[in-house]
Each structure stands twice: as C-alpha cells, then as structure tokens.
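Good morning, and thank you for coming.

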Amino acid sequence: MTALLFLLIAPLFTGSLKWLKARLQNRLGPDPLYDYRNLYKLWHKAWIRPSPSSPIFVWAPVMALLGAFLAALFLPLLPGFSFAGDFLVLAYLLNLGRFFQVLAALDTGSAFGGQGSYRESLVAVLAEPGTLLALGAAALASSQLSLAGLAPLSAENLLVYTLALVALALALVAEGARMPVDDPTTHLELTMIHEAQLLDHSGPLLALYELAAGLKMLVYLGLIALLMPLGAWSFPLVLLLGWLALGYLETYGVKLRYLRLPDLMSYSTLSGVLAVLGVVLRFRI
Amino acid sequence: MDALIEALSQGRLVALDYQAPTLRYFVERAEKGLEVLELEATTTFPSLARDFPALDWFERALWEAHGLHPEGHPALKPLRDHQKPYPFDPIEGLHEVPVGPVHAGIIEPGHFRFSVLGEQILHMEVRLGYQHRGLEAQMQGQGLAQALLLAERAGGESVAHALALAQAVEAAWGVAVPPRAQVLRRVVLELERIFGHLGHLAGLFTDIGYAYAATQVGKVRALLQGQLERLTGHRYGRNAIGPGGVYFDPDRGTQDELQDALHDLGREVGAHLQAALKHPMVLDRMRYVGPVSEAQARLLGLVGPAARASGIARDLRQEDPLYQPFSPVVRSGGDVLARAQVYSEEVRQSFAYLERFLAELPSGPVWAKEAAPPPAAEGYSRVEAGRGEVFYWVRLEGARVARARLVDPSFKNWRALEIAVRGMGLPDFPLINKSFDLSYAGCDL
C-alpha cells in the first residue's frame, strides 16, 4: 500500500521541489506537476542503446525501480509486510537497484559512466553504515526487530533517536544524490555522481530511473517518519519538512568538494555508532 | 636575435606576425612600451618556445598557416587544423579521460584530454580549433563595414574587438576621434566588461551549486544588457562603434535614466557579490583550487584578470588618459578565489568609471570629420577587454583591409588552464575552467 502511494506521489515531490527552489531563487519555475508530464513525455519517446552494451543496460532501470518499490512495501506507514529484520531487507533492496545501475553505467563503456559508477559506489559505502546502525539502534531501543514494531520518539529514547535521525538525514541527501553531496541540476559531467550514470539512458529507461530516484527519497523520508511520535501525521509532516529543507539546501547551500564527502558522511556513521552505544550503555537524558 | 631574446626575457609577447620574408614580434616591455622586433625567415625560423612558452601556440599557428617551420619547437602539433594527425602525449600507466568536443551544456566545442590517477589530474592537454573560421583571411579585401561585422563576431567580446579594429584604422589614417565619442566608447566597453565579468561569476556560482547567488548575479547581468540595448540598440553592443566615431548618441533623458539604472544595479550586485564571496562553503570550494603562480603567469604571457589574479599588475587602461588615475585590481595566489575576487572588484571599479563617464560626458559631435583615406596605411591598437588584451593590426588600401592580424586574449590564456588543473581533483576541473572562462571562438578565429 505504501509502495503504491509512494509511486503516485514521487513525481509530485520531485516536481514541486523544483518549483520551490525556483521560487526561493526569485524565479517563476516550472509547474509543480511538471514531473508527471515529463515522465509521460519520456515514456512515449524512443530510446537508444550504446552498441557495446549488454541487456543489463535495459534491465537496470527496471531493477532500480523494482528495488525501490519493493523496499517501500516494507514501510509500515500503511498496512504492509512486516517481519523481524525487515529493515535489513529494505536497505539491501535499495542497494540491489543501485548495483544494477552501477553495472549498467559500466556497461555503456563511456568514460563518464565508469566515473559515475565508482563515485556512486563510494557514496553508497559511506552512507550504508549510518543507515543500518541508525535503524539497528532504533530497533534495539524498541526491543523489536521489525520496522512495524519501532517505538515512536519519546523522552525514553530521545538521545538515541536524535542520533539516529541525524544519521538518516545525512544518508538521505547522499542516497538521494541531493545537495551538498551531488547537484541534481548540473550539466557538468565531470562533477556528476548519480547523473553521470544515467547519461546514456533515454526515453522510457530514463523515466524509470527518474521515478526510482524519487521513490528512493520517499523511502528514506518514510524511515525518518517511522521514528516520529505523531502517528498518522508523522509522514506528511516529515515530507513537508524534508521538502522545505531540501529546497533551502539546494538554493542557499554550496555543493561540497567531492574529496570532502567522506568528512560529511563520517558524521552519519558516527551518529549511528553513538546511537547504538546509547542503547547498549543505556544513555538517558 | 639577441635583441629579441633580451626583449622577450624582460617583457611579454603581444603578437607574432609574418609577412614574407619578415617575422614581426610585438613585444611589450615595462619601460619601453610596445616594440616591434623583426627577423628574416623564408622556410624556417629558430623556435624560442622552449625558453618562452608564451611563443608556443604562436609558432604553431604560424607553422600551420604559412608552412614556416619553427626549428627546435618542443611539441610541434596542429593548433586549428583537424585534417592533420594530432599526437596527444599520454603518460604511461595513467587512465585517460577524454572530454568533449561536444559538451552537455550549451557551451562552445573544445577537447580536453586528462591523464588521471584516481580522481587526481596529473596532466591535461587542451585541443581547440573546432571553431576556426579563417577570420583573418576573410577580412582580406573587405570594406571596413564588413571587417567590423567579422571582428564583432571573432570572440566573446564584440565591443572590445570593434573598438580595437576602429582604433587600428584610426591610427593608420591619423584620425582624431571627438571627445564625446571617446567617452561613449569607454561607456560601452565598461558595460561589456561588467556583464562579461558577471557572467563569469554567475557561472562560478552555478558550478559550485550555489543556485541563489547564480540567479541573482545572472539577473543583474541580463538587466545590464538591457541598459546596453537602450544605449546602443543591441544587447551585446554590436554595430555601436565604427572607425572615426560611434553609431549612437544618447539624449539627455536617456543619459539620466541610464545613470540611475546603473547606480541601482551596481549597488544590488555589489551587495550580492560581497555576501557570496564571504560564504564559508564558497571559500572552501574556491580557495587553493587551480593555482597559477606569478612566475608561471609571466612565462605563459597571461593577460587580463587571469594575470592580475596571479599578481601581475598590468591593465592597458593604465595608459588611457580617460581613466586617470587608474590602479589595476591585483590579487596574489592565482587560485579560483583570486580570479573571482578580481572579477568582483573590477565590476565595482567599472561601475565607478561608468558613473564618472556619464556624469562628465562631453557634448559635441560623435564622428570625426570625413576625409579621403590615404592610398595605403597601416596601424595597430590594443584594447583591454574583459578577458584581457585584444590586439589588432591592419594594413589598409584605401578604405579596404588588405591584411589584418588579430589576437584575442583567450589565445594567450588557454595554456594557463593546463597548468592550473595539475594536481587538482577531476570534479574541480569545470570550476577551474569557468574561473578563466575563455573564449573558444576567439582562440580559434
């Protein structure tokens, strides 16, 4: 259920983010619904495949979207699947999509595809510990190993959850390829991380990739919402806050130098480690 | 020959020209100004590129255009001709990344070949010439109106090129331009400099993802071009300057409106630039990135803001009586930040000069008195454009161009990029490139 809802609202989220950024920059900006039309347009376009590539090139966008969609199935915002350890499955379903995306970019044989692949892999490696440690700490603090059983934020687990939220928020910008990690609007191939892998995909293949990227961001926002104490209001509120924060960051922020990325992501890992320690050592404020 | 070597070691090469059988080196020295040194050559000439890298591209261009062989040139390869084979020098064991000539953005074509170790650039070679239109050859035999039309399309700076050509013609004919036209020419030249510099700065902010500053600076740039259009009828100031005068003459009302508009725009963009260039993340992205030392800048013969950001206090406006007193904007360090600061400070400086020019605009005619041109004459001139020194030399037969030689500042500055990127990260290349913001067309001619 959550997955279907996410699939429907992902273009609204990314499209309205473009509109928000334009407004913050004193521009008129595109229609907030623009991304729906863009997907429709891309879907009806022809696509081409680089001559040296294998079928992986075509299947990768499907796998990326499927990975993000299946991951969203495990988010218990609306009734869905749930079992002990499902957060691990969720994290690695997202990585499965990325695995194919990296392969497909290498498959094109272009210099930029390879460059995007190794950069994306590095970002993934840097973002993974933070995400898993944060979710693990939240699960430990709730004495439940499924996402559905996570206790909401309360005075009891305030410190652990705050640290977990920091780790997840940093992982969100890295995984979503947003500022200050990656600039989704740039045309400069040499600076690209995520986009460099999509350069050779066109038409419906690109549409699948774009949808998957939006979906992935929503999954991370969903994870953050699970830790929030407002019940059914958590997700809409987190969505709104995330939307505003990303719009602000991508207007007034500056992209980090690529070689500084490990510094930023180390805060995510550190927060994750501290969160786990907090549970194990029973920190209380 | 010895005199030439002495001049080159003390000064800077401005242009190199060949008219069989004479090579002419235009060299600028601090105390002697611009000198022309001659050397006889029929099929070969001694290459000085090994000792004076500033000569490298000039000698290659000469070899390509006239078949004159520079003996002992360290890397003789074609510059603009894509029919000849071009050997890159790859470094054994390093990964090579080819970029261009077609880029993802709407920018000019050029090829960059990187030798990288991981993300670090150890070597880079620029290959241009994709926009070679044979402008100098096209100017031959043309009337002045047609030559001006070509000059305005040579590189990124229409006004500076038109002004340099007009001044070269005036120098050849000995025409005295009336004071009002002189000042009006400076007004459009400074407007062009400001919107050019703001373009470089907006580009720098775009490249580091600072969308807000990029949009605000870009907005002022567009509004300034609107003011240029109000003044001259063209957003890039084309068809504004001709030999002997200017094609526009603002009335009192236009002059006042322009003054008010420029005052407001100058304050607005000044505030944005001051804030943006203090942003800690902006400093982090620009500082120590893409450095060119003063020694390197002198060796390569850099001009314009690129040279001034490396500590070379040279600006052709120093000798222009209309700008007195003038002190060039100089920064040391030669990194992206230094270049950004030079652009930003020169924008402020140009707004101040614009205010002065418009307040003290002399009245009178905007055209020199018509006189019959002499049957044959030659002259040259130099103009400080936004990117640096534009050089024009013309030989005229009546009112026709018999021969023209032009050098765009970008031609002298492209090599600096190869030096600046060494040891830098690959993702920083677009930023370093943008900090020079060189014209591909101006280099290719």
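Predicted model: local features only at pLDDT ≥ 70, side-chain atom pairs only at ≥ 80, totals over all residues.

Residues are numbered from 1 along each chain as its sequence is written, chains are lettered from A and ligands numbered from 1 in the order in which they are written, and side-chain values use heavy atoms, with hydrogens and water left out.

Let us start with the interface of the chains. Chain B contributes 29 residues to the contact and chain A contributes 27, where contact means heavy atoms within 4.5 Å. Together the chains bury about 2400 Å², of which 61% is on carbon and sulfur atoms; buried area is the accessible area (1.4 Å probe) that two parts lose on being put together, summed over both.

How many salt bridges cross the interface of chain B and chain A? There are three, a salt bridge being a side-chain nitrogen of Lys or Arg within 4 Å of a carboxyl oxygen of Asp or Glu. One joins A:Arg119 to B:Glu119, with 2.7 Å from N to O.

I turn now to chain B. Its domain assignment gives domain 1, covering 2–76, and domain 2, covering 176–370; such bounds come from an automatic or database domain assignment. Five residues of domain 1 and seven of domain 2 take part in the contact between them. The centres of these domains, taken over C-alpha atoms, are 32 Å apart.

The two domains of chain B bury about 470 Å² between them, 58% of it on carbon and sulfur atoms. On the side of domain 1, B:Arg12, B:Glu28 and B:Pro53 lose the most area, together 74% of what that side buries. One salt bridge is counted between these domains. B:Glu28 also forms a salt bridge with B:Arg314, whose closest N and O atoms are 2.8 Å apart.

Finally, the cavities. On a 1 Å grid over the protein atoms alone, a cavity is a set of points where a 1.4 Å probe fits but cannot get out, and lining residues have an atom within 4 Å of a point. Grid points are joined across faces, edges and corners, and a volume is the space filled by probe spheres set on the points. The whole structure holds nine cavities of 30 Å³ or more.

Terms used
1 Å grid on protein atoms, 1.4 Å probe; cavity = no way out; pocket = protein on both sides within 12 Å on 5 of 7 lines; lining within 4 Å.
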